Structures are given as structure tokens and as C-alpha cells.
Amino acid sequence: MWDVIGHEWAVELFSRQIAAGDVSHAYLLCGPAGIGKERLAIRLAAALACTGLQPPCGECANCRRIQANEHPDFRIVRGSNGTISIDEVRDLRRFLTLSPYQASRRIALLVGFDGATVEASNALLKSLEEPPARSVLILTASSSQALLPTILSRCQVFHLRRLSRAAIEEALQAQHGVP
């Protein structure tokens, strides 16, 4: 149950990768504000940890705990005032090196990584170049141009687009009964 509107192509690709066991160590979701990057990233994290038959099932303990941001193998880094610092990345790197506690891997979501300091970006490179075993990084950014080229080259990049008015209207009518 991805429950994502307008990014079905990305959902399909993630679903195929997870089913095949061909998961990347790093994903970057780019696009304008308000298009559902963070929602898609959290659903991806749930799918990666899901123990149900069709990830993300939304019913298993892992899915529910990731959705509530209470899972011991999942961490979200948003930074303070929109800036992710080197200390936050260093703390995250320590988290990723630990063995998973409940899920099959450690998963980290860095929201708005285009707001990270240069030092934080360089600190994250170590984890991208030599990813800890059984870990996945998911980054979101408004623009990939604001990131270091070395970060881009080590992530599987997804350029998400704004939804059309028709797609939004259809989703509101079909899923929420809005006239």
C-alpha cells in the first residue's frame, strides 16, 4: 500500500527492485516542494523493512513503526532551520554502522539534503562511497543541482515532477470522495 499519488512510475521501479532483491544503497528523490518526496521516501523505507507479502503492506509492525517514525532501524534527519550539519551526518554514520535490530537493514532519510552544509555533504560521501553493510540512504532535495556531483554519482536519482491538476482532482474524488 504505497498510497502515493502521481509518482506511479517510481513506485513501480521501487517495487520491482525490492521484489528482485536489487536494492540500491542510496536513492535521491528530487523535485519541487509539495509534490510528495518525503511521503514517497517514507513509503520506500517502509517497503524496505516490510515483512508482509506485498511491501509496503502498511499492516506489519515494521511498516507501522516506520510510518510513526518509531522504528529502531529507521532515522529521519531534517536538520535545524533547514540546514543539515556535519554533526548530524556523523551521528547518522554511526547509526548506519550498527547491525539492524528488527528490520533486515538500517534505513536513513535525509530530508532537504540540498540544504546541507558543504562539510555535511563531504561527511556523507564516505557512507555513499563505502556504504555500511545492510544500510540504505534516502535523500530528498528540491534540486539535484545544489548537490555535489560526487553525491549524485553515487545515488540512484529520481526526478519527480509536479502533479497535473487533473491527477489531483481524480485522486481526491477516487480516494477521498471529494466532489
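Colleague: Before we start, what counts as buried here?
Modeller: Buried means under 20% relative accessible area. The model is a predicted one.

Colleague: Fine. Is Arg 43 buried or exposed, then?
Modeller: Arg 43 has a relative accessible area of 9%, so it is buried.

Colleague: Where does Arg 43 sit?
Modeller: Arg 43 is part of helix H2.

Colleague: And what is Arg 43 in contact with, leaving aside neighbours within four places in sequence?
Modeller: Met 1, Trp 2, Asp 3, Val 4, Pro 56 and Gln 67.

Colleague: What's the N to O distance between Asp 3 and Arg 39?
Modeller: Their side chains form a salt bridge at 2.6 Å, N to O. Asp 3 is in the segment before H1 and Arg 39 is in helix H2, so the pair ties together parts 36 residues apart in sequence.

Colleague: Which parts does the Glu 38 pair tie together?
Modeller: Glu 38 is in helix H2, and Arg 78 is in the loop between strand S2 (74–77) and helix H4 (86–97), so the pair ties together parts that are 40 residues apart in sequence. Glu 38 counts as partly exposed at 25% relative accessibility. Arg 78 is also partly exposed, with a relative accessible area of 42%.

Colleague: What does Glu 129 pair with?
Modeller: Glu 129 forms a salt bridge with Arg 154, and their closest N and O atoms are 3.5 Å apart. Glu 129 is in helix H5 (residues 118–129), while Arg 154 is in the loop between helix H6 (149–152) and strand S5 (156–159); the two are 25 residues apart.

Colleague: What are the relative accessible areas for that pair?
Modeller: Glu 129 has 42% and Arg 154 has 27%. Glu 129 is partly exposed, and Arg 154 is partly exposed too.

Colleague: Changing topic to the helices. How do the axes of H1 and H2 cross?
Modeller: Helix H1 (residues 8–20) and helix H2 (residues 37–49) have axes that come within 11 Å and cross at roughly 20°. Angles under 35 degrees count as roughly parallel, which makes H1 roughly parallel to H2.

Colleague: Left-handed or right-handed crossing?
Modeller: Right-handed, for H1 and H2.

Colleague: Which residues make the contact?
Modeller: From H1, Ala 10, Val 11, Phe 14 and Ile 18. From H2, Leu 40, Leu 44, Ala 47 and Leu 48.

Colleague: How many of those are nonpolar, polar or charged?
Modeller: The contact of H1 with H2 has eight nonpolar residues, no polar ones and no charged ones.

Colleague: Last one, Arg 90. Where is it?
Modeller: Arg 90 is in helix H4. At 41% relative accessibility, Arg 90 counts as partly exposed.

Colleague: What separates the C-alpha atoms of Arg 90 and Leu 124?
Modeller: A distance of 7.9 Å, for two residues that are 34 residues apart along the chain.

Conventions:
Residues numbered from 1 in each chain as written. Predicted model: local features only at pLDDT ≥ 70, side-chain atom pairs only at ≥ 80, totals over all residues. Heavy atoms only, no water. Axes fitted to C-alpha atoms, helices over the stretch in contact; angles between N-to-C directions. Helix = DSSP H or I, 4+ residues; strand = E, 2+ residues; numbered from the N terminus. Parallel < 35°, antiparallel > 145°, perpendicular 65-115°, else oblique. Left-handed = near helix turned anticlockwise from the far one by under 90°. Contact = heavy atoms within 4.5 Å. Nonpolar A, V, L, I, M, F, W, Y, C, P; charged D, E, K, R; others polar. Salt bridge = Lys/Arg side-chain N within 4 Å of Asp/Glu carboxyl O. Buried < 20%, exposed > 50% of the residue type's maximum accessible area, 1.4 Å probe, protein only.
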